[in-house]
Amino acid sequence: MKPNPLRVLLAVRHSPPAYKGGAEWRARRTAVGLAKRDHRVRVLTVESITQGDRCSIQYRDSIDDGIPVRRLSFNLEQAPEAVRWEFRNPLVARNLKSTLETFRPHVLHIISGYLLSGSVVEVAREMGVPVVLTLTDFWFVCPRIILLRPGGENCMVPENAL
């Protein structure tokens, strides 16, 4: 007897073909692998952080390798508090909430929070959707994601971060 298929929403900072980093390919392989096992998968990703006006978000839906992908675009530089919005983005939060309401996933799998902001975790928790997090970079403890500050010195990781 086959188990019931899961509905999984994968959230990742970018997505191929335009972006081809490790997190992006990890998300693509995960999505395709889950779909091959008959699970329903969708991907939420960021296409651009330099398009649009200060308080709007646009999206473009596509199908990549048989997987529905929603690509978000917004203008982070024009946000009322750009630095704060890197970590708590209300535009991403509203779009995610709408996506969760329509898709109703069993789980949200985040592969890097960078560009999506911590709002994705908050919204999922508010809506009772379990979160799985695959860490592919250091964004949650270092805003530059590589543990180096602009001058080359190390970002200090909080003692209780691990």
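**View 1. Strands E3 and E4 pair at one point through Asp61 and Arg70.** Arg70, in E4, is the bridge partner of Asp61. Eight bridges join E3 to strand E4 (residues 67-74), and the two run antiparallel. Two strands count as paired if DSSP finds at least two bridges between them. Helices (H or I, at least four residues) and strands (E, at least two) are DSSP runs, numbered from the N terminus. The model is predicted, so local features need pLDDT of at least 70, side-chain atom pairs count only at pLDDT 80 or more, and totals for chains, interfaces and linings use all residues. Residues are numbered from 1 along each chain as its sequence is written, and side-chain values use heavy atoms, with hydrogens and water left out.

**View 2. Six strands make an open sheet.** The order is E3-E4-E2-E1-E5-E6, with mixed pairing. Strand E3 (57-64) and strand E6 (131-134) stand at the edges. Each has a single partner strand, so one side of each lacks a neighbour in the sheet. From one strand to the next, the twist averages 20°.

**View 3. Helix H1 lies across the sheet strands E1 to E5.** Axes are lines fitted to C-alpha atoms, for helices over the stretch in contact, and angles run from 0 to 180 degrees between N-to-C directions.

**View 4. Thr45 is buried in strand E2.** Its relative accessibility is 0%. Buried means under 20% relative accessible area, exposed over 50%, and partly exposed in between (1.4 Å probe, protein chains only). A polar atom of the Thr45 side chain lies 3.0 Å from the backbone oxygen of Val12. Beyond its neighbours within four places in sequence, Thr45 is in contact (heavy atoms within 4.5 Å) with residues including Val12, Arg13, Val69 and Leu72.

**View 5. Arg13 and Glu24 form a salt bridge.** The closest N and O atoms are 3.0 Å apart. A salt bridge is a side-chain nitrogen of Lys or Arg within 4 Å of a carboxyl oxygen of Asp or Glu. By this rule there are nine. Arg13 sits in the loop between E1 and H1, and Glu24 in helix H1, 11 residues apart. Arg13 is buried at 11%. Glu24 is buried too, at 4%.

**View 6. Asp64 and Arg28 meet in a salt bridge.** The N to O distance is 3.6 Å. Asp64 lies in strand E3 and Arg28 in helix H1, so the pair ties together parts 36 residues apart in sequence. Asp64 is buried at 13%, and Arg28 at 15%. Both belong to a network of salt bridges that also links Glu47, Arg60, Asp65 and Arg71.

**View 7. Helix H4 has a buried face.** H4 covers residues 119-126, and its buried residues are Ser119, Val120, Val123 and Ala124. Seen down the axis, these fall within an arc of 130°, so they line one face of the helix. The arc is that of the directions from the helix axis to the C-beta atoms. They pack against helix H2 (82-87), helix H3 (90-103), E5 and E6. On the other side, Arg125 and Glu126 are exposed. Just after H4, Gly128 takes a positive phi of about 75°.

Methods: A polar contact is a pair of N or O atoms within 3.5 Å; within protein, one must be able to donate a hydrogen and the other to accept it, and residues adjacent in sequence count only if both atoms are side-chain atoms.
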